[in-house]
Amino acid sequence: KSTTARVITGLLPQTAGTVVFDGIELPKALADRTKEQKRRIQMIYQMADTAMNPRQTVRDIIGRPLEFYLGMQGREKANRVLELLEMIELEGSFLERLPSELSGGQKQRVAIARALVNDPAIILADEPTANLDAENSHHNMNILVELNKNLTSSFVFATHDEKIMGYLKRMVYLEDGKIVKDETIK
């Protein structure tokens, strides 16, 4: 499941088959994808620290992709960072914190905000609650469910956690990289 997510994002090249997005076959290597292709497919990693520079503040972790992908600067960027913090239920007081100053649940929410930055078409969530206690897991899943209702992004969860499955509308089961079952839940 993690390998599939990484192949879709281009972080790992597929060894067979193709990744087709919006009717276009995506290049295997991330370096060969356009900035727009990269922007439209984002990932929430199982380990939030994977996507965070430990020397950057929350402001920079969320703000840097705004500059890179969307060219946002100054007040526009600052306002968007605050808006994203609000969406993940963190206050502006978190802006100057480093990842080491955040709890596991807070780190995961910052990773969620970072994935949302570019208004992607697809957000791949690889075991987004795997390293969280039950309370943070439930809270962060509720945030993701609300975001899914209010955004145009499609969320794809790669998980073994049956608790997460209760939040989903459709489940696709993979075995050896092939779909073995596809069911609508709700």
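Author: We begin with strands. Helices (H or I, at least four residues) and strands (E, at least two) are DSSP runs, numbered from the N terminus. Two strands pair if DSSP finds at least two bridges between them. This is a predicted model, in which local features need pLDDT of at least 70, side-chain atom pairs count only at pLDDT 80 or more, and totals for chains, interfaces and linings use all residues. Residues are numbered from 1 along each chain as its sequence is written, and side-chain values use heavy atoms, with hydrogens and water left out.

Reader: In which sense do β6 and β7 pair?

Author: Strands of a sheet pair through backbone hydrogen bonds, either parallel or antiparallel. Here β6 (residues 170-175) and β7 (residues 178-184) are antiparallel, with six bridges between them. E175 is placed opposite K178 of β7. Two residues lie between the strands of this hairpin, and D176 has a positive phi near 55 degrees.

Reader: What is the strand order of the open sheet?

Author: The order of its three strands is β3-β4-β5, and the pairing is parallel. β3 (41-44) and β5 (154-158) are at the edges with a single partner strand each, so one side of each has no neighbour in the sheet. To compare directions, axes are lines fitted to C-alpha atoms, for helices over the stretch in contact, and angles run from 0 to 180 degrees between N-to-C directions. Neighbouring strands of this sheet are turned by 20 degrees against each other on average, direction ignored. Helix α1 (residues 2-9) packs on the sheet and touches β3 and β4, its direction making about 145 degrees with that of β3. Helix α6 (residues 134-150) also packs on the sheet, where it touches β3 and β5; its direction makes about 150 degrees with that of β5.

Reader: Which residues of α3 are buried?

Author: In α3 (residues 58-70), the buried residues are V58, I61, I62, G63, P65 and L66. Their cover includes α4 (74-87) and α5 (104-116).

Reader: Which residues touch the most other members of the largest nonpolar core?

Author: A nonpolar core is a set of buried Ala, Val, Leu, Ile, Met, Phe, Trp, Tyr and Cys residues joined through side-chain atoms within 4.5 Å. The largest has 35 residues, and I44, I62, V110 and F157 touch the most other members. α5 gives the most to this core, namely six residues. Leaving aside neighbours within four places in sequence, I62 is in contact with V81, L84, L85, V110, A113 and V117. Another core, of eleven residues, lies apart from it and includes A5, Y45, I122 and L124.

Reader: Why does S153 count as buried?

Author: S153 is in the loop between α6 and β5, and it counts as buried because its relative accessibility is 4%. Residues up to four places away in sequence not counted, S153 touches D119, P120, A121, I123 and N148. The side chain of S153 also reaches the backbone oxygen of P120 at 2.5 Å. For such a polar contact, a pair of N or O atoms must be within 3.5 Å; within protein, one must be able to donate a hydrogen and the other to accept it, and residues adjacent in sequence count only if both atoms are side-chain atoms.

Key:
Expected span 1.5 Å × (residues − 1). Buried < 20%, exposed > 50% of the residue type's maximum accessible area, 1.4 Å probe, protein only. Contact = heavy atoms within 4.5 Å.
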